[in-house]
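Hi everyone, thanks for coming. Let me put the structure up so that we can look at it together.

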Amino acid sequence: MALEILRTPGQATWRCPGALLGSAVEVTCRAAGAGGKGIDPGAAPNFVAGGGGGAISRSVCKVLPGEVYTFTVGAGSAGGTVAQQTPDDGGSSQFQGEAGEINLIFAAGGSGAGLGGKAANGTGDVKFSGGDGSGADETQGGGGGGGASS
């Protein structure tokens, strides 16, 4: 049994080994959405809410020897600027069937506006939402939401 953890954001493909022909092949996949990030005020005296944590989805997927599958590892948000007002969201992560046409597993990234990625937006047998970021006040910015865990 091989374990591979992919952490580098981006998209790539994986070919199920053909040597497994005639075997029942199952792959356990976990997809975690990346967290959003609140606005970085720089030198300005503005404080903002923290970004939301990413959701997580998990499933055992039946894969076919020789087939090519696409996976995407979502990137965390770089945050926004005071002028931008709405920071970028964290990226979503997914594992897709042949030619990327079917989401076998999907986990939503957290919102830069503070909402955690929602389990209801995911695909998988087991899904958890990411935590919401906390609000800000006139003296400090809010903390980021916790990422989901399974």
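I'll talk about the aromatic pairs and then about one serine.

A quick word on the ground rules: this is a predicted model, where local features need pLDDT of at least 70, side-chain atom pairs count only at pLDDT 80 or more, and totals for chains, interfaces and linings use all residues. Residues are numbered from 1 along each chain as its sequence is written, and side-chain values use heavy atoms, with hydrogens and water left out.

So, how many aromatic pairs does the structure hold? There are two, counting rings of Phe, Tyr and Trp (its six-membered ring) with centres within 6.5 Å; planes under 30 degrees apart are stacked, over 60 edge-to-face, and the rest tilted. Trp14 and Tyr69 have ring centres 6.0 Å apart and planes at 35 degrees, so this pair is tilted. It links Trp14 in strand S1 (residues 10-15) with Tyr69 in strand S5 (residues 68-73), 55 residues apart. Strands here are DSSP runs of E, at least two residues, numbered from the N terminus.

Tyr69 also pairs with Phe95, and that one is stacked, at 5.6 Å centre to centre and 15 degrees between the planes. Phe95 sits in strand S7, 26 residues from Tyr69. Together, Trp14, Tyr69 and Phe95 make one aromatic cluster.

Tyr69 at 5% is buried, Phe95 at 8% is buried, and Trp14 at 28% is partly exposed.

Lastly, Ser93 lies in strand S7 (residues 93-96) and is buried at 5%. Its side chain reaches the backbone nitrogen of Gly74 at 2.9 Å.

Key. Helix = DSSP H or I, 4+ residues; strand = E, 2+ residues; numbered from the N terminus. Buried < 20%, exposed > 50% of the residue type's maximum accessible area, 1.4 Å probe, protein only. Polar contact = N/O pair within 3.5 Å; in protein donor to acceptor, adjacent residues only side chain to side chain.
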